[in-house]
There are 4 protein chains.
Amino acid sequence: MVIVMNKNATPAQIEHVVAALIDKNFDVHRSTGVSRTVIGAIGDKHAFDEREFLVLDGVSEVVRITEPYKLASRTFQQEDTVIEISGVKIGGDEVIVMAGPCAVESTEQIQAIASAVKSSGAKILRGGAFKPRTSPYSFQGLGEEGLKIMRKAADDHALLVVSEIMDQSQVELMVGYCDILQVGARNMQNFDLLKSLGKINTPILLKRGMSATIEETLMSAEYIMAGGNYQVIICERGIRTFEKYTRNTMDISSIPVIQKLSHLPIIADPSHGTGIRNKVAPMARAAVAAGAHGLQIEVHNDPDHAASDGAQSLYPEQFAQLMTECRLIAGAINKSM
Amino acid sequence: MVIVMNKNATPAQIEHVVAALIDKNFDVHRSTGVSRTVIGAIGDKHAFDEREFLVLDGVSEVVRITEPYKLASRTFQQEDTVIEISGVKIGGDEVIVMAGPCAVESTEQIQAIASAVKSSGAKILRGGAFKPRTSPYSFQGLGEEGLKIMRKAADDHALLVVSEIMDQSQVELMVGYCDILQVGARNMQNFDLLKSLGKINTPILLKRGMSATIEETLMSAEYIMAGGNYQVIICERGIRTFEKYTRNTMDISSIPVIQKLSHLPIIADPSHGTGIRNKVAPMARAAVAAGAHGLQIEVHNDPDHAASDGAQSLYPEQFAQLMTECRLIAGAINKSM
Amino acid sequence: MVIVMNKNATPAQIEHVVAALIDKNFDVHRSTGVSRTVIGAIGDKHAFDEREFLVLDGVSEVVRITEPYKLASRTFQQEDTVIEISGVKIGGDEVIVMAGPCAVESTEQIQAIASAVKSSGAKILRGGAFKPRTSPYSFQGLGEEGLKIMRKAADDHALLVVSEIMDQSQVELMVGYCDILQVGARNMQNFDLLKSLGKINTPILLKRGMSATIEETLMSAEYIMAGGNYQVIICERGIRTFEKYTRNTMDISSIPVIQKLSHLPIIADPSHGTGIRNKVAPMARAAVAAGAHGLQIEVHNDPDHAASDGAQSLYPEQFAQLMTECRLIAGAINKSM
Amino acid sequence: MVIVMNKNATPAQIEHVVAALIDKNFDVHRSTGVSRTVIGAIGDKHAFDEREFLVLDGVSEVVRITEPYKLASRTFQQEDTVIEISGVKIGGDEVIVMAGPCAVESTEQIQAIASAVKSSGAKILRGGAFKPRTSPYSFQGLGEEGLKIMRKAADDHALLVVSEIMDQSQVELMVGYCDILQVGARNMQNFDLLKSLGKINTPILLKRGMSATIEETLMSAEYIMAGGNYQVIICERGIRTFEKYTRNTMDISSIPVIQKLSHLPIIADPSHGTGIRNKVAPMARAAVAAGAHGLQIEVHNDPDHAASDGAQSLYPEQFAQLMTECRLIAGAINKSM
């Protein structure tokens with residue numbers, strides 16, 4: 001941490017800041033220039049609130065010089081994390097695709113979609129059994145029955161399963177059916193849930209919150225890792241801005257930014273990132289071109305009658321064409337798909 | 001819902017949209033103008049996804065004409081909701097103040113603060129026992145022990161108690177100690193938690209999420225109300241914008257907006273809304289001037305050594321002065337405090 | 001500026017950074033800690049791009065420690081700037097009100113409004129003669145004729161005149177009619193215009209751009225001041241966020257923030273800040289309660305037939321009531337109005 | 001326009017709204033449902049303020065059903081606009097690249113860069129002679145001398161020239177040197193400048209403002225087109241959000257959105273869109289993958305000593321590699337480059 005004092009800070013104010021730093025176990029280096037004093041504070045704690053020093057008399061500015069996360073940082077681990085599940089590797093040179101409906105609705109539906117996405121190249125089947133709906137009057141998911149039929153459909157087509165967990169009370173149930181547990185954008189800072197996921201061995205797909213900074217997203221990954229579960233995949237799915245034509249503004253630049261800051265895999269979800277079908281393909285291609293380790297895409301065999309999010313689900317043939325295009329784009333940057 | 005067709009929409013496309021609407025139980029009114037057709041759709045469902053129609057061929061625009069919430073709406077209940085707890089009325093002409101530390105730390109601390117805020121006019125003691133911290137390495141709260149000593153301090157000073165609940169597993173414990181349960185900004189869309197709070201009788205203080213629209217905030221209130229608990233207080237605590245000098249941008253205008261849309265009480269939290277002590281008083285005064293039904297303010301007897309959020313906590317004497325100023329402002333708009 | 005090196009930065013990388021700093025005329029202080037090196041750089045230039053150092057090999061973070069503005073800073077001038085025009089003082093303890101229509105439309109209109117706002121206590125008449133309209137097909141203002149009749153109406157009622165300048169070609173014309181020239185939000189970074197306003201003696205009312213940070217707003221003030229015109233009044237008028245119920249989100253907290261950073265007066269425009277009539281009064285009251293030096297409010301004698309912005313204009317009797325309320329609020333914080 | 005009345009709107013209120021619509025030359029269609037009345041209003045004006053009706057008594061919601069722009073709309077012109085300048089076609093299947101330094105600094109600099117970008121495949125040389133700098137103390141550009149040496153370098157290497165115009169007083173000068181005039185993000189709503197550009201024949205590159213919606217961006221294009229100049233190229237260069245790791249958040253989804261709404265070409269500027277060198281290539285690739293008609297990229301022969309924006313300028317060899325990657329990506333979606 002670097003603390004910049006005001007030009008007219010008094011010696012007593014400077015001493016007070018130094019004392020406060022020492023009181024919090026920081027090593028202190030003082031630099032007195034012609035016009036102002038700058039204090040460097042070195043500690044090994046990752047958790048402190050720099051505002052505590054900002055409010056002291058005579059202080060002009062306070063700057064952290066370490067990221068608040070540790071295990072998620074590239075400083076902690078230089079090489080990329082590659083998560084391997086039954087032979088599928090997430091975080092390497094192959095772009096991995098997770099596809100399926102917003103919500104599991106029926107055996108026929110999930111079997112038809114599993115078959116379609118598998119034949120186009122998806123490796124992982126997605127589908128919600130517990131749905132975080134904005135309205136209490138909307139379809140809330142099939143629950144365990146949904147997990148059961150999705151697991152069957154995945155097994156029948158040699159696919160892995162990813163599904164969203166909404167509450168820590170569901171952990172035991174869900175690990176029985178899923179290969180990857182997804183934390184939704186709205187629960188990215190549900191810390192009790194994150195803590196409970198730190199205690200299991202199942203890989204976690206952590207979606208960036210709609211207003212979460214990249215740093216906060218990595219802090220939520222840190223919560224899971226601090227509990228002992230290092231298998232975390234980050235997912236960009238759009239942030240909230242003033243623009244109204246799209247549901248969210250997909251922050252494609254978060255892909256290279258996170259790859260610089262962290263060793264964790266980062267994938268993109270253009271379905272939620274845009275919210276409307278005909279924008280999904282361009283944004284999926286953009287994410288691959290920017291270097292994403294994977295994609296999560298909503299595909300439905302009958303989007304017009306989907307129980308939820310039909311408007312952003314691709315038809316199977318649109319998905320097939322998109323996969324062909326993305327494969328070529330991956331090749332352009334020396335990746336496979 | 002109003003569906004505007006493209007200028008060059010074909011009769012077949014129009015028929016398809018009409019059929020889709022009827023299929024979803026809407027009554028349909030068609031208006032054919034010189035240049036385009038406009039379709040009115042009337043239904044009694046509050047939960048549908050207008051994007052389903054937006055993606056149909058020939059559709060230019062789709063507009064909801066009803067709010068997605070019902071119980072929280074002023075259309076449903078015209079007069080203001082006033083929540084009365086042991087004689088304290090929230091939602092009426094008296095501006096109610098909740099004050100106390102970010103986190104309960106010790107008996108001495110909470111007793112000292114309770115005494116100070118009571119003497120300045122606060123009616124409710126706030127304090128966290130379970131803390132939603134961005135970092136897993138930060139102080140996470142005293143848990144039940146914290147609730148116990150806060151309850152005692154409140155009772156000793158004839159104050160009510162409000163404290164944050166983070167997970168549905170804490171409901172039973174917390175209703176034993178608190179008069180109001182607070183849902184934090186990060187949990188505003190933790191739907192399992194909201195559902196569980198709909199089943200109890202304790203009033204809920206629902207904080208607006210950092211990127212939540214006003215509509216989404218009211219939808220989260222609707223979740224609680226749909227379960228049967230109509231005692232919901234909304235709290236504005238700042239939204240996320242590009243501005244960096246303040247931690248959040250407090251949306252003071254949400255106060256009159258929510259008062260127009262909903263009958264629920266709306267209070268303001270300038271401590272989190274700004275994140276820094278010397279901005280708390282101006283924003284508290286602004287909220288009262290804009291018509292807020294109450295304030296929630298962090299006060300600490302020793303902010304320099306607070307376990308969390310010391311930088312945004314007022315000293316007791318600052319709080320006392322603020323109360324005096326706010327009382328005069330309340331009077332200027334025919335309210336008391 | 002403080003430059004934080006990576007943990008594994010090499011001595012050669014550190015030397016390269018030091019050389020680059022010296023090359024740009026900075027004095028360099030080096031601090032080598034256990035885990036990393038921190039370099040302090042002191043210079044007297046206000047204009048440099050810290051990203052130039054951020055891209056150097058081995059650099060982790062770069063932090064400015066001085067504001068990029070100088071003349072506008074409270075470090076440069078500690079006491080508040082008070083701008084006096086014909087006995088009206090802006091920036092002192094009296095809250096000054098500028099009121100009038102969005103656009104000047106006719107002699108009858110502007111005379112009626114001037115009379116109304118004067119009798120309620122406004123000191124300055126506002127009105128646009130050149131209108132920055134989003135659409136090329138909208139009413140663009142009466143031009144010089146509008147200035148002429150507004151000047152007459154102001155003189156008839158002992159009011160000052162503020163009006164918006166859109167292009168540097170209008171400077172000479174407008175100084176002949178106006179006491180204050182207003183720079184609109186959309187022109188806040190029209191640097192040629194700012195430079196031309198730096199060369200005149202007329203006070204400038206500078207509106208914060210819709211996406212301008214507080215720092216950028218002060219930088220635009222600096223442009224004017226750097227040319228020699230120190231009479232700059234800042235105006236908060238709402239920033240752009242994801243919230244859709246209001247046209248803009250008025251950042252009330254910018255008022256105390258700017259008062260801390262700068263000595264320049266800061267006023268608030270709740271008419272543009274909210275965009276809708278029934279939100280203007282609560283936000284005007286909030287701005288006064290937060291400590292604004294003044295208000296700019298749109299008032300129209302016949303809003304239903306206004307040539308522009310009728311929806312956000314107050315009726316004269318609403319304005320009169322608002323002034324009464326604001327006067328009481330100003331009194332609550334030891335100000336007059 | 002569709003006007004939705006409140007559930008309890010009185011017949012008199014409905015009549016008043018109808019009368020107000022007729023007064024403004026709208027044709028009115030009334031639809032009375034069980035619970036509320038919906039009024040359709042059809043007119044041929046593109047410029048009206050829907051808020052005028054929103055503030056009328058009894059009105060619940062007002063919705064435009066036509067875009068406020070006309071000439072820029074795909075409804076007006078269904079086929080893509082292709083702008084041809086000396087054989088270079090912008091808006092067709094070939095991805096066109098504009099490259100060069102932020103600012104023209106010297107003959108040696110601009111000749112070296114022109115040579116480098118030409119050999120990698122750029123068709124247009126970019127470079128600023130008049131620079132819109134946030135600080136009045138920063139380098140403001142070489143002015144006409146810069147235009148002169150850039151024109152020479154472009155001619156020597158068979159490149160076209162694009163450069164930024166900051167004020168309408170520069171039009172005559174700049175058309176003598178440039179093939180395309182660029183309007184910067186900060187001047188996107190400098191309406192006097194836009195009007196003056198509507199009167200010339202030179203193609204205009206219009207950058208989206210940092211907080212401009214897509215609709216406002218197209219309205220600014222409409223300003224130019226309304227004057228008679230139909231050769232407008234839109235440029236996405238990043239919008240302002242809460243994320244701080246990147247200077248702006250590049251809204252890649254604006255590319256397919258604008259292509260649906262408008263027939264005008266849309267290109268992307270990843271240099272300003274990210275603000276930092278190592279993010280430029282991923283975002284350039286993403287823009288091409290999303291379907292952009294072109295790119296504008298800052299390239300400098302000696303970024304470490306650039307007069308401005310060196311931190312976001314590519315080295316010539318980085319640019320060469322990027323061009324190779326983008327060419328493959330363009331091929332993946334049946335485009336050339």
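The model is predicted.

## Helix H7 of chain D

Helix H7 of chain D covers residues 214–226. How far apart should its ends lie? At 1.5 Å a residue, its 13 residues should span 18 Å. The end C-alpha atoms are 18 Å apart, so the two values agree.

Of the 13 residues of H7(D), 12 are buried, so this helix is largely enclosed by the rest of the structure. Among the buried residues are D:Ile214, D:Leu218, D:Met219, D:Tyr223 and D:Met225. D:Glu216 and D:Glu222 are buried too. The cover over these buried residues includes two helices of chain D, H6 (191–197) and H8 (254–261). It also includes strands E11 (204–207) and E12 (232–236) of chain D. Just after H7(D) comes D:Gly228, with a positive phi of about 120°.

## A helix pair in chain C

In chain C, helix H3 (residues 107–120) meets helix H11 (residues 316–332). Their axes come within 9 Å and cross at roughly 20°. Angles under 35 degrees count as roughly parallel, so H3(C) is roughly parallel to H11(C).

Which residues make the contact? From H3(C) come C:Ala116, C:Val117 and C:Ser120. From H11(C) come C:Pro316, C:Phe319, C:Ala320 and C:Met323. The crossing of H3(C) and H11(C) is right-handed.

Notes. Residues numbered from 1 in each chain as written. Chains lettered and ligands numbered in written order. Predicted model: local features only at pLDDT ≥ 70, side-chain atom pairs only at ≥ 80, totals over all residues. Helix = DSSP H or I, 4+ residues; strand = E, 2+ residues; numbered from the N terminus. Expected span 1.5 Å × (residues − 1). Buried ≥ 20, exposed ≤ 12 C-beta atoms within 10 Å, placed from the backbone. Contact = placed C-beta atoms within 7 Å. Axes fitted to C-alpha atoms, helices over the stretch in contact; angles between N-to-C directions. Parallel < 35°, antiparallel > 145°, perpendicular 65-115°, else oblique. Left-handed = near helix turned anticlockwise from the far one by under 90°.
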